[in-house]
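Please find below a note on the model under review. The points are numbered so that each may be checked against the structure as displayed.

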Amino acid sequence: MDSSNSSVSRRTFIKSEAIALWALAMSGTGAFANAQEGSTVYFTKDISSSGLTKIYEHLMQGRALPGKVAVKLHSGEPGGHNYPAPALIKDLVQSVNGTIVECNTAYSGKRFNTADHLVAIKDHGFMDIAPVDVMDEHGSISLPFPRGKNITENFVGANFAKYDSFLILSHFKGHAMAGFGGALKNVSIGIASGEGKMWIHTAGTSRALGNFSRCYRMKKELFMESMAEAAGSVIEKLGTDKIVYVSLMNNLSIDCDCDRRPTPPELDDIGILASFDPVALDRACVDLIYAADSEKSASLRMRIESRNGVHALDHAESLGIGCQQYTLVGIDA
């Protein structure tokens with residue numbers, strides 16, 4: 001099925017099933033299957049420290065991530081305020097004995113170099129809750145992905161090699177280039193070094209920093225495909241048993257946490273989702289946006305559609321990174 005037909009069938013599905021999906025989300029209990037059983041995605045509407053810890057424990061079922069654990073989140077561009085609140089995530093991060101990890105940006109700003117980035121991380125309160133590591137402080141390492149259509153290797157922060165497992169703790173929101181940012185973006189662009197981010201944004205044509213404007217001239221579908229391929233390189237390097245995904249659906253602006261002046265959210269907070277499958281997790285987040293109040297969600301839906309944001313999920317699924325079929329399981333009593 002081509003992407004246009006896929007989008008049409010997706011919209012048809014969402015329209016016909018939105019009421020059931022939203023009813024589940026608001027009740028927080030039960031299960032809603034998207035087309036097939038697919039991957040399990042857990043859901044709670046409790047956006048609190050205890051709610052976050054509870055959904056993680058529900059996902060893990062007594063299992064622990066092995067070895068040294070990295071917690072990958074978005075540290076937030078100074079001026080912005082929608083990034084994960086340290087008070088919200090503190091208990092979960094400390095429960096896994098995690099190190100908060102980030103990488104520098106490919107565009108100029110307050111997180112372009114490690115010294116400035118560390119100031120931003122400190123000012124945003126993350127150093128108060130856990131150790132912090134800007135993974136590309138000492139450069140990059142290459143992760144191969146021979147199956148890539150656009151990139152056959154991915155450049156991640158060199159300190160990636162220090163960690164045995166990753167908790168991908170994402171804030172779901174809109175994005176000016178990708179349509180939306182969630183788990184797939186966090187495990188790809190988020191773990192990429194500065195030069196790796198440029199590599200992904202230009203679909204493998206340049207790693208040179210200093211002229212980010214060239215990224216805006218790249219065909220958006222190629223950028224999204226490269227993002228999916230970069231995610232694949234990380235997942236295949238770690239192994240699926242050493243990486244888990246949790247996404248916060250609050251402060252749902254149409255803009256990324258990399259925006260220093262994000263548009264205020266128009267949509268009400270939804271909840272927290274968790275899965276072992278980043279594609280299913282992002283798909284569930286997108287579906288919940290479409291199932292939400294049609295007026296309040298209009299801007300975010302337009303952002304996703306105008307960038308053809310779901311193309312990244314289509315490509316990731318074609319690569320075997322995950323599936324877009326899922327069962328959404330509410331855990332609230």
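1. The chain contains 10 helices and 13 strands. Both are DSSP runs numbered from the N terminus, a helix (H or I) having at least four residues and a strand (E) at least two. The model is predicted: local features need pLDDT of at least 70, side-chain atom pairs count only at pLDDT 80 or more, and totals for chains, interfaces and linings use all residues. Residues are numbered from 1 along each chain as its sequence is written, and side-chain values use heavy atoms, with hydrogens and water left out.

2. Of the 333 residues in the chain, 60% are buried. Here buried means under 20% relative accessible area, exposed means over 50%, and partly exposed lies in between (1.4 Å probe, protein chains only). The chain exposes about 12,800 Å², of which carbon and sulfur atoms supply 51%; accessible areas come from the Shrake-Rupley method with a 1.4 Å probe, and for residues only the protein chains shown count as cover. Contact is defined as heavy atoms within 4.5 Å. Among contacts between residues at least 6 apart in sequence, 75% join residues at least 24 apart.

3. Helices α2 (residues 49-60) and α3 (residues 86-95) have axes that come within 8 Å and cross at roughly 35 degrees. The axes are lines fitted to C-alpha atoms, for helices over the stretch in contact, and angles run from 0 to 180 degrees between N-to-C directions. From α2, the residues Ser 49, Leu 52, Thr 53 and Tyr 56 meet Ala 87, Leu 88, Ile 89, Asp 91 and Leu 92 of α3. The residues of this contact divide into six nonpolar, two polar and one charged. In this scheme Ala, Val, Leu, Ile, Met, Phe, Trp, Tyr, Cys and Pro are nonpolar, Asp, Glu, Lys and Arg are charged, and the others, Gly among them, are polar.

4. Does the span of helix α7 agree or disagree with its residue count? Helix α7 (residues 220-238) has 19 residues and should span 27 Å at 1.5 Å a residue; its end C-alpha atoms are 28 Å apart, which agrees. The expected span is 1.5 Å times one less than the number of residues. Helix α7 is mostly covered, with 15 of its 19 residues buried. Just after α7, Gly 239 takes a positive phi of about 90 degrees.

5. Ala 228 has its place in helix α7 and counts as buried because its relative accessibility is 0%. Leaving aside neighbours within four places in sequence, Ala 228 is in contact with Leu 184, Ala 312, His 315, Ala 316, Leu 319 and Ile 321. Ala 228 and His 315 are 87 residues apart along the chain, yet their C-alpha atoms are separated by 6.6 Å.

6. Ala 178, in the loop between β9 (173-175) and β10 (179-181), is buried, with a relative accessible area of 1%. Beyond its neighbours within four places in sequence, Ala 178 is in contact with Phe 223, Met 224, Met 227, Arg 307 and Gly 309. The C-alpha atoms of Ala 178 and Glu 305 are 10.0 Å apart, while 127 residues separate the two in sequence.

7. Asn 186 lies in helix α5 (residues 183-188) and is buried at 8% relative accessibility. Its contacts, neighbours within four places in sequence aside, are Lys 72, Leu 73, Ile 168, Leu 169, Ser 170 and Ile 191. Asn 186 and Lys 72 are 114 residues apart along the chain, with C-alpha atoms separated by 7.4 Å.

8. Glu 37 is in the loop between β1 (29-34) and β2 (39-44) and, at 62% relative accessibility, counts as exposed. Apart from neighbours within four places in sequence, Glu 37 is in contact with Gln 325, Tyr 326 and Thr 327. Glu 37 and Thr 327 are 290 residues apart in sequence and 5.4 Å apart, C-alpha to C-alpha.

9. Gln 61, in the loop between α2 and β3 (69-72), has a phi near 50 degrees, a positive value in a residue other than glycine; Gln 61 is exposed, with a relative accessible area of 57%. Asn 251, in the loop between β11 (243-249) and β12 (271-275), also has a positive phi near 50 degrees, and counts as partly exposed at 26% relative accessibility.
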